[in-house]
Each structure stands twice: as C-alpha cells, then as structure tokens.
Amino acid sequence: MTVQPIRLFGDPVLRTPADPVVDFDAELRKLVADLTDTMREQSGAGLAAPQLGVGLRVFTFDIDDVLGHLVNPVLEFPDEEEQDGPEGCLSIPGLYFDTKRRQNVIAKGFSAFGDPVQIVGSGLMARCVQHETDHLDGVLFVDRLDPEGRKEAMKAIRQAEWYDQAAPPVVKLSPHLSNPFGLGR
C-alpha cells in the first residue's frame, strides 16, 4: 500500500487544469494504485491525481461498493435533473456544504490499460464523477457555491485547524458558472 499525502486547499496544483494522459504504462497504473490506496485510507468517495500533486487527468472512486478509476474523462448529461446536497473534499477536510450537481451522468474515458470505459451514474456516483472531473479542470466544489455559500465556505476554511495563513487561498469562479453544470463540454 502506498498512501500519499493529500494536497490541501491553497495548494496551486489544485487550481491548475490537469494534462491528458498519453502514456498508459506501469507508471500510470502505479498512480491509480496510489490514488486508490490513499482514497481508501482516508475513507474518501473519490480522489483525483492533482490532489496528490500529479497534474494528470485521472481519478479513482469508491461508491456503493463500486471501486474504480477513470482516465481522461469526458462527461455527458442525459437530462436536466438536478440534485442538491452536502458535498465535501479530502483537500478541504472536515467541511461540507450543500452543492448543486446534475443527478445523472455518463462518463466516458479509459482504464489504466487504455481500454475504453463508460460509467453511467446517478445520485452519489454522479456527484462523485462530477466532483473529481472538476478537480481535473482546476475547479473545487466551493467554486460551484452561490456567492453567499462561497462566503460561508471561505470563512469556515479560514477557521479550519489545517488552514495555512501563510498561503492565502485563491477563490476562483467556476468556468461553468453561467452554465453551472458544464453542459456542452
């Protein structure tokens, strides 16, 4: 087991869009194993490579006894149905805020061996896939909150025990704010 340290809010790697994976090799498979081990050690639902400081488009998930990963994900939304509920992040530990997401998602990408993969998810699986794909775009779930919710989240982050005063946070509006669920991406 290779558990890695998780990058926390304020680390620039979390705000940097990740590069597509081009080499489906042993190094990628080790990254997927490290992501899986770290996610499970922290009891997370998902973990994206940037959270380990690696700028590649890959994430792992563990939802309802379905353990897996997705490389170079592309999301599609089969309908307009929404969900709103508590969301947290291993890079913003201990804090949860109600976040709107799409209820249903189709995620297409690849396995660590380069085989095509498709995930059709709803509810928590859809939330996780959208959350982790946001990480790959340099977006954190607090970016998706309305202005009042974002203000509340930033106050809670500044008061968190793990918050580093020496590294002031960057608050970034979601690039999907005018289109909050990334339709057409």
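This report describes aromatic pairs and salt bridges in one predicted model.

Residues are numbered from 1 along each chain as its sequence is written. Because the model is predicted, local features need pLDDT of at least 70 and side-chain atom pairs count only at pLDDT 80 or more, while totals for chains, interfaces and linings use all residues; side-chain values use heavy atoms, with hydrogens and water left out.

**Aromatic pairs**

Rings of Phe, Tyr and Trp (its six-membered ring) pair if their centres lie within 6.5 Å; planes under 30 degrees apart count as stacked, over 60 as edge-to-face and the rest as tilted. The count by this rule is 3 aromatic pairs. In one of them, the ring centres of Phe24 and Phe110 are 5.9 Å apart and the planes stand at 65 degrees, so this pair is edge-to-face. Phe24 sits in the segment before α1 (26–41) and Phe110 in strand β6 (residues 104–110), so the pair links parts of the chain 86 residues apart. Helices (H or I, at least four residues) and strands (E, at least two) are DSSP runs, numbered from the N terminus.

Buried means under 20% relative accessible area, exposed over 50%, and partly exposed in between (1.4 Å probe, protein chains only). Phe24 is partly exposed at 28%, and Phe110 is partly exposed at 32%.

Phe59 and Phe61 form a tilted pair, with 6.4 Å from centre to centre and 55 degrees between the planes. Phe59 is buried, with a relative accessible area of 0%, and Phe61 is buried at 4%.

**Salt bridges**

A salt bridge is a side-chain nitrogen of Lys or Arg within 4 Å of a carboxyl oxygen of Asp or Glu. The count by this rule is 11 salt bridges.

Arg15 lies in the segment before α1 and Asp143 in the loop between α2 (124–136) and α3 (147–159), so their bridge ties together parts 128 residues apart in sequence. Both Arg15 and Asp143 are buried.

Glu80 lies in the loop between β3 (66–76) and β4 (82–89), and Arg102 in strand β5 (residues 92–102), so this pair ties together parts 22 residues apart in sequence. Glu80 is exposed at 58% relative accessibility, whereas Arg102 is buried at 1%.

Arg127 and Glu87 are both buried. Through shared partners, salt bridges join Glu87, Arg101, Arg127, Asp134 and Arg144 into one network.
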